[in-house]
Each structure stands twice: as structure tokens, then as C-alpha cells.
Amino acid sequence: MKNLGKRNLSAYLYILPLLLLSFVFIYYCIARTVYVSFTDWNGMTQDMNFIGLKNYTKLFKDKTFFLAIRNNIIFFFGTVFVQAAVGFFLAVLLKYKFRGSSVFKTVYFLPIAMATSIITAIFRFILNPTHGDLNTLLRAVGLDSLAVAWLGDKNWALVAVILVN
């Protein structure tokens with residue numbers, strides 16, 4: 001029984017650093033954020049005045065907040081369902097050997113090997129409204145009306161971000 005107690009203590013000592021780091025970097029930050037949300041702090045000075053629920057009252061009266069919530073929900077469902085469907089289709093496609101399948105697999109896995117910042121820069125060039133590759137292609141095939149500012153148009157920005165994601 002005495003040996004069992006020592007073994008349990010050593011197990012807790014092994015996870016103690018993780019618990020301490022979690023507390024400092026996760027739980028303290030969450031608690032601090034909640035506390036700050038009840039103040040009028042501007043983020044730059046030391047002056048923090050407790051104002052209660054005024055920030056939340058102001059937030060729920062702001063139309064931009066609800067637009068942001070709507071866009072996040074659309075982004076979530078757009079990316080989750082589209083990625084699941086496309087991923088399933090591509091997984092089935094990658095399973096079979098066909099002519100050019102090794103090239104397809106290389107092109108498919110290339111974004112996984114590339115850094116997100118590189119992919120972002122590439123799509124910034126592709127979606128450029130004036131001389132981007134996508135709009136150039138659309139104009140070349142006579143679809144000038146579809147050549148828009150993909151990331152600058154309120155009707156197309158969310159769709160473009162979902163597709164790039």
C-alpha cells in the first residue's frame with residue numbers, strides 16, 4: 001500500500017509542470033480576459049474602471065457583432081462540410097491508381113508541405129482584382145462580369161476565404 005502511494009505521487013509530479021503551464025497560459029489568460037471585459041480599459045494605459053455589463057450591452061446593440069457571428073457560422077459550415085465532402089472524394093480518388101495519379105497526389109499534398117504564409121501570398125496574387133490570375137482567366141474567356149475584387153467585395157469575400165481555406 002505504501003508503494004502504491006509513492007507511485008501515485010510520482011505520477012502527479014510528472015503532470016505538475018503541465019498543470020502549472022496550463023494554468024498560467026490558458027486559465028489565467030481566460031480569467032484575465034473575462035475580468036477586463038467588465039472594465040473600460042483601452043489596452044494602452046494602466047487605468048481600468050469597472051463598468052459592469054456596459055460593454056456587453058453595447059456589444060449586443062452593435063450590428064457589426066451580429067454580422068461577424070453570421071459570417072463565422074457561414075465560414076464554419078462552409079469549410080467543415082465542403083472540406084469533408086471534397087476530402088472524402090479526393091480520398092477515394094487517391095486510393096485508385098490511374099494515369100497521372102502520382103502527379104495528382106503530388107499536387108494534392110503540396111499545400112500540406114507548404115507554409116500557410118506562402119499559400120496566403122500565392123492566393124493574394126491569384127485573387128488580385130486588377131491583375132490576378134483568376135480575373136485574367138475570366139476576362140480571357142469572356143466572363144468579364146465575373147471578374148470582381150474577390151477579397152474586397154462584400155458579396156464574394158467570405159466565399160473566397162472559404163474556398164482558399
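User: How many aromatic pairs does the count come to by the ring rule?

Analyst: Rings of Phe, Tyr and Trp (its six-membered ring) pair if their centres lie within 6.5 Å; planes under 30 degrees apart are stacked, over 60 edge-to-face, and the rest tilted. The count here comes to eight aromatic pairs. One of them joins Phe-77 and Phe-81, which are stacked at 5.6 Å centre to centre with 10 degrees between the planes. The model is predicted: local features need pLDDT of at least 70, side-chain atom pairs count only at pLDDT 80 or more, and totals for chains, interfaces and linings use all residues. Residues are numbered from 1 along each chain as its sequence is written, and side-chain values use heavy atoms, leaving out hydrogens and water.

User: How far apart along helix α3 are Phe-77 and Phe-81?

Analyst: Helices are DSSP runs (H or I, at least four residues), numbered from the N terminus. Phe-77 and Phe-81 lie four residues apart in α3, so about one helical turn separates them.

User: Which residues make the contact between α3 and α4?

Analyst: Contact means heavy atoms within 4.5 Å. Helix α3 (residues 63–95) contributes Leu-90, Leu-93 and Leu-94, and helix α4 (residues 101–113) contributes Phe-104, Lys-105, Tyr-108 and Phe-109.

Methods: Axes fitted to C-alpha atoms, helices over the stretch in contact; angles between N-to-C directions. Helix = DSSP H or I, 4+ residues; strand = E, 2+ residues; numbered from the N terminus.
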